[in-house]
Amino acid sequence: VYLWDRRTRKLASTFQEAHMEEVTQVHFPPGRPDRLLTASVDGLVCVFDTTGDLNEDDCLEGVLSVGSSVNRVGFYGRQNEKL
């Protein structure tokens, strides 16, 4: 996952170790622009905190293993607060 700074048009960071296979989804959840959610063919959904330094080890907040390929993620709830 490559993170680009749209203001400077430069690469800000890369998250290369969270997933072992192709990434299928990348989302900033509604109302949470400081969180990055990624999903992959490897069956993992990862949540990163993008505030502060963009170091992959420090930013990784959680990992959900669903046991099969994740092709699509979505949000629900009154304020889209649930995955």
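Leaving aside its neighbours within four places in sequence, Cys59 is in contact (heavy atoms within 4.5 Å) with Phe15, Val47, Phe48, Asp49, Asp53 and Leu54. The model behind this picture is a predicted one, so local features need pLDDT of at least 70 and side-chain atom pairs count only at pLDDT 80 or more, while totals for chains, interfaces and linings use all residues. Residues are numbered from 1 along each chain as its sequence is written, and side-chain values use heavy atoms, with hydrogens and water left out.

Cys59 is buried, at a relative accessible area of 2%. Here buried means under 20% relative accessible area, exposed means over 50%, and partly exposed is in between (1.4 Å probe, protein chains only). Cys59 also belongs to the largest nonpolar core, together with Leu3, Phe15, Ala18, Leu36, Leu44, Cys46 and Phe48, which makes 8 residues in all. Such a core is a set of buried Ala, Val, Leu, Ile, Met, Phe, Trp, Tyr and Cys residues joined through side-chain atoms within 4.5 Å. Strand β5 gives the largest share of this core, 3 residues. There is also a second, separate core of 5 residues, and Leu37, Ala39, Val45 and Val70 are among them.

What about the cysteines as a pair? Cys46 is buried too, with a relative accessible area of 1%.

Strands are DSSP runs (E, at least two residues), as are helices (H or I, at least four), and both are numbered from the N terminus; two strands pair if DSSP finds at least two bridges between them.

Strand β5 (residues 44-49) pairs with β6 over 5 bridges, in the antiparallel sense. In that pairing, Val47 has Gly62 as its bridge partner, and Cys46 stands opposite Val63. Another 5 bridges join β5 to β4 (residues 35-40), again running antiparallel, and here Leu37 is the residue opposite Val47. The hairpin of β4 and β5 has 3 residues between the strands, and Gly43 takes a positive phi near 85° in it. β5 is mostly covered, with 5 of its 6 residues buried. In a regular strand, side chains alternate between the two faces of the sheet.

Charged side chains come next. The count comes to 5 salt bridges, where a salt bridge is a side-chain nitrogen of Lys or Arg within 4 Å of a carboxyl oxygen of Asp or Glu. Arg35 meets Asp34 in one of them (2.8 Å, N to O) and Asp49 in another (3.1 Å, N to O). Arg35 lies in β4 and Asp49 in β5, so this pair ties together parts that are 14 residues apart in sequence. Both Arg35 and Asp49 are buried, whereas Asp34 is partly exposed, at 22% relative accessible area. Arg32, Asp34, Arg35, Asp49 and Glu61 are linked in a network of salt bridges. Arg7 forms a salt bridge with Asp5, with the closest N and O atoms 2.9 Å apart, and Arg7 counts as exposed at 74% relative accessibility.
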